[in-house]
Amino acid sequence: MVSIGIDLGMLNTVVAKVNDKGEVSIHQFEGSDLLPSVIHVESTAGYRYVGRRSRNFLADPDIDPSEIFRRWKMSMATGTVLATQDWGNGPIDITPELLTTWLVEHIMKDITVDLGGETLDSVVVTVPHGWCRDHVEKCLATREAVRAAQVDGRTCEMKRSDHTLGNKTVVRIVDESIAAAAYALNASSDAAAFVGKNMLVFNIGGGTTDLCLVRVGAPSEPLTVIDTINNNIGGDYATALLLGKHLAAIGSQFDIDVPPTPEAVLAELEGAEEGWLREAFAAAETELLHKLSTRVEEIEYLDDFAEKLAGKWGQRLLLMSSTVDRNDDPIVTFMSCSEYLTRLEPFFESTRGILARFLSRGEGSERFPYAILMTGGGSRIGGLRNRVIEPVVSELAGPTKAPEILGRFEKLRFNDSRLSTTAVAVGAALVAAGRFYIEPFSAERSQGWPGSAQ
Ligand SMILES: Nc1ncnc2c1ncn2[C@@H]1O[C@H](COP(=O)(O)OP(=O)(O)OP(=O)(O)O)[C@@H](O)[C@H]1O
Ligand SMILES: [Mg+2]
């Protein structure tokens with residue numbers, strides 16, 4: 001018996017498995033923990049490509065962007081039709097729900113090959129906390145879309161016992177922050193110390209930052225979210241800020257309009273944007289955001305961070321390049337760690353604001369959580385500790401108490417950055433395997449609350 005957890009992300013999806021020995025693993029998609037949440041649907045015959053190959057098409061200015069679907073998560077349950085295609089049997093509306101079903105079908109096919117005859121017992125899919133609270137319709141639409149996924153002509157929730165999906169595979173929807181907290185408790189060497197305490201789950205995704213305070217009860221008690229705050233600023237905004245420098249260079253060399261602000265960059269990426277902009281955004285993300293993050297992270301925990309930044313380390317340049325017209329030479333932009341931190345300041349400022357507002361709500365000793373778990377790909381953005389967490393905690397706790405509070409951030413640093421992107425999926429798989437109890441909210445249970453197994 002195998003249980004799986006699916007962290008359906010706006011940009012990337014992660015799948016974790018727990019086998020009957022209780023062993024946890026991350027399913028590998030073409031050798032990677034991450035399955036890009038991108039689907040290319042070829043419009044004449046409806047051939048579908050899911051994941052990395054479609055994501056690579058995004059950076060290809062020659063591909064028709066109207067055949068590539070991504071970032072559909074936020075428009076779940078809004079009645080959106082993203083495109084209509086006709087493959088010879090009449091028009092098909094491509095909706096966020098249908099794309100979710102296709103993504104899950106791809107996952108299920110990949111997984112059942114790996115199961116080698118073992119049955120899939122339970123599937124837990126995670127959704128943002130805000131959906132569980134304010135958008136139950138999005139939770140329900142996600143659950144229905146997952147249930148509709150077909151493998152070998154049968155839906156995900158199987159009734160047949162002869163199939164690898166099992167005779168009663170249960171599909172449940174769970175809050176991302178609860179899943180992350182379950183993961184942290186499982187990974188901590190001292191889970192008992194968390195009983196009766198609050199854990200702050202700090203989740204920075206592609207398009208959102210979600211802070212949730214999760215209460216840890218006794219082992220038989222459910223994990224519950226007791227407070228939450230979120231905004232629509234995530235790693236994409238950080239990428240758009242860095243891209244600004246490159247766009248200025250493009251604007252001055254070519255006679256084309258470049259989006260003037262990070263907001264305009266993100267708005268254009270949502271629409272049928274120019275191929276060169278897709279290419280440039282992808283390069284800014286991998287060549288500047290990820291690489292400079294890694295460099296900054298290497299020194300961020302050192303006492304002489306400021307000196308290192310001002311010195312040779314901080315000044316060393318990394319480059320990104322992209323083309324506007326395939327026939328022209330690439331445009332190259334250089335950036336140092338110190339310029340990276342300066343350009344990201346609006347991102348840091350907004351993140352400081354949301355953290356300060358959240359921590360200010362608590363009273364006295366309750367103000368600061370017992371532990372803090374950084375999760376989501378965006379939590380790997382270099383500079384978060386130095387430019388966000390340290391200044392906010394120092395300001396709110398005062399200089400005497402700040403070091404002890406900051407030490408709590410170390411409690412759940414598991415020294416492996418891979419974990420920040422896989423925590424939610426692992427936690428979801430642990431919930432699927434019954435290792436953590438998640439209580440459906442009683443008020444919604446009667447309306448088919450998605451936390452309840454039906
Ligand atoms: N190594 C890294 N360094 C810096 N940033 C990173 C790194 N890896 C991923 N990111 C950033 O994290 C963001 C994506 O995070 P994640 O994969 O958690 O999003 P998601 O789960 O798909 O989105 P959401 O949670 O909003 O649905 C992107 O902006 C990406 O650039
Ligand atoms: Mg996510």
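This is a predicted model: local features need pLDDT of at least 70, side-chain atom pairs count only at pLDDT 80 or more; totals for chains, interfaces and linings use all residues.
User: At roughly what angle do the axes of helix H7 and helix H8 cross?
Analyst: Let's start by placing the helices: H7 covers residues 262–270 and H8 covers residues 275–300. Their axes come within 10 Å. H7 and H8 are oblique to each other, and the crossing angle is roughly 120 degrees.

User: Which residues of H8 does H7 meet?
Analyst: From the H7 side, the residues taking part are Val 265, Leu 266, Glu 268 and Leu 269. The residues of this contact divide into five nonpolar, no polar and two charged. On the H8 side, the partners are Leu 277, Arg 278 and Phe 281.

User: Why do the buried residues of H7 line one face of the helix?
Analyst: The residues in question are Pro 262, Ala 264, Val 265 and Leu 269. What covers them includes strand S7, helix H6 and H8. Looking down the axis of H7, the buried residues line one face because they fall within an arc of 160 degrees.

User: Is Ile 438 buried or exposed?
Analyst: Ile 438 is found in the loop between helix H14 and helix H15. Buried means under 20% relative accessible area. The value for Ile 438 is 11%, so this residue is buried.

User: What separates the C-alpha atoms of Ile 438 and Ile 178 in Å?
Analyst: Leaving aside neighbours within four places in sequence, Ile 438 is in contact with Val 174, Ile 178, Pro 222 and Val 431. Ile 178 is 260 residues away from Ile 438 along the chain.

Terms used:
Residues are numbered from 1 along each chain as its sequence is written. Chains are lettered from A and ligands numbered from 1 in the order in which they are written. Side-chain values use heavy atoms; hydrogens and water are left out. Axes are lines fitted to C-alpha atoms, for helices over the stretch in contact, and angles run from 0 to 180 degrees between N-to-C directions. Helices (H or I, at least four residues) and strands (E, at least two) are DSSP runs, numbered from the N terminus. Angles under 35 degrees count as roughly parallel, over 145 as roughly antiparallel, 65 to 115 as roughly perpendicular and the rest as oblique. Contact means heavy atoms within 4.5 Å. Ala, Val, Leu, Ile, Met, Phe, Trp, Tyr, Cys and Pro count as nonpolar, Asp, Glu, Lys and Arg as charged, and the others, Gly among them, as polar. Buried means under 20% relative accessible area, exposed over 50%, partly exposed in between (1.4 Å probe, protein chains only). The arc is that of the directions from the helix axis to the C-beta atoms.
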